[in-house]
Amino acid sequence: MTEDSRQLMTRWVDEHTAELLGYARQRVNDPQLAEDLVQETFLAAMQGLEQFKEESTPRTWLFSILRHKLMDHYRKAFRNPHVSMDHDGPAPFDEREMWLDGHRPADWGDPELLDDPDFNGILARCMAHLPEHWAAVLRLKYLEQKKADAICKELGITTTNYWQIAHRSKLQLRECVEKGWFSAK
């Protein structure tokens, strides 16, 4: 690596680390993992600096690398899932996947709930308790606003698996939020 390349990479690290780190932290449950992914992004950029043709800005190129690092991470999480369903009592559905009496979710009724910082804190904690590959599906669907077929392609999963994960993760998330938010009110 030349001295000019070193200086360029140092400048990019100084200019883009905070923004890349913020982006990564929004997409993974672990702050240390977010830092590792950003570090891997800069390592990949340094190794591929000769391929950077300046057809885009350095920021755009670095974010592209980080998105690929995130997708690789999500794919690994799907290949080696760790799932723990912490349910108190019996499953909330019958054999036809219909709600059992007493398990139907409460109507939250407040459309401005996402404006409440306390609620957002509980939601973030609940998201952190989801298995990594479940959280990945929700993040891609609701934060990245990707379509189901694009998520399936990026994560290398079937449509059936996608819908099953989306369904189960939303249920677990809702149960956690109801316990954390509505039981405290």
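Is the crossing in which α1 passes α2 left-handed or right-handed? The crossing is right-handed. Keep in mind that this is a predicted model.

Two packed helices are described by the angle between their axes and the distance between the axes. Here the axes of α1 and α2, the helix of residues 31-47, come within 9 Å. They cross at roughly 145 degrees.

Now look at the side of each helix that faces the other. From α1, the residues in the contact are Met9, Trp12, Val13, His16, Thr17, Leu20, Leu21, Ala24 and Arg25. They meet Pro31, Ala34, Glu35, Val38, Phe42, Ala45 and Met46 of α2. By type, the residues of this contact divide into 12 nonpolar, 2 polar and 2 charged.

Step back to the whole chain. The secondary structure comes to 7 helices and 0 strands. The protein chain has 185 residues, and buried ones make up 35% of them. Contacts also reach across the sequence. Among those with a separation of 6 or more, 70% join residues 24 or more positions apart.

Is Arg27 buried or exposed? Its relative accessibility is 9%, so Arg27 counts as buried; the cut-off for buried is under 20%. Which residues does Arg27 touch, leaving aside its neighbours within four places in sequence? Arg27 is in contact with Leu70, Tyr74, Arg139 and Glu144.

Next comes the empty space. Rolling a probe the size of a water molecule over the atoms shows where such space is left. The largest pocket holds about 650 Å³. It is lined by 21 residues, and those closest to its centre are Leu123, Met127, Leu138, Tyr142 and Leu173.

What kinds of residue make up the lining of the largest pocket? They divide into 13 nonpolar, 3 polar and 5 charged.

Key:
Residues numbered from 1 in each chain as written. Predicted model: local features only at pLDDT ≥ 70, side-chain atom pairs only at ≥ 80, totals over all residues. Heavy atoms only, no water. 1 Å grid on protein atoms, 1.4 Å probe; cavity = no way out; pocket = protein on both sides within 12 Å on 5 of 7 lines; lining within 4 Å. Points joined across faces, edges and corners; volume = space filled by probe spheres on them. Nonpolar A, V, L, I, M, F, W, Y, C, P; charged D, E, K, R; others polar. Axes fitted to C-alpha atoms, helices over the stretch in contact; angles between N-to-C directions. Helix = DSSP H or I, 4+ residues; strand = E, 2+ residues; numbered from the N terminus. Left-handed = near helix turned anticlockwise from the far one by under 90°. Contact = heavy atoms within 4.5 Å. Buried < 20%, exposed > 50% of the residue type's maximum accessible area, 1.4 Å probe, protein only.
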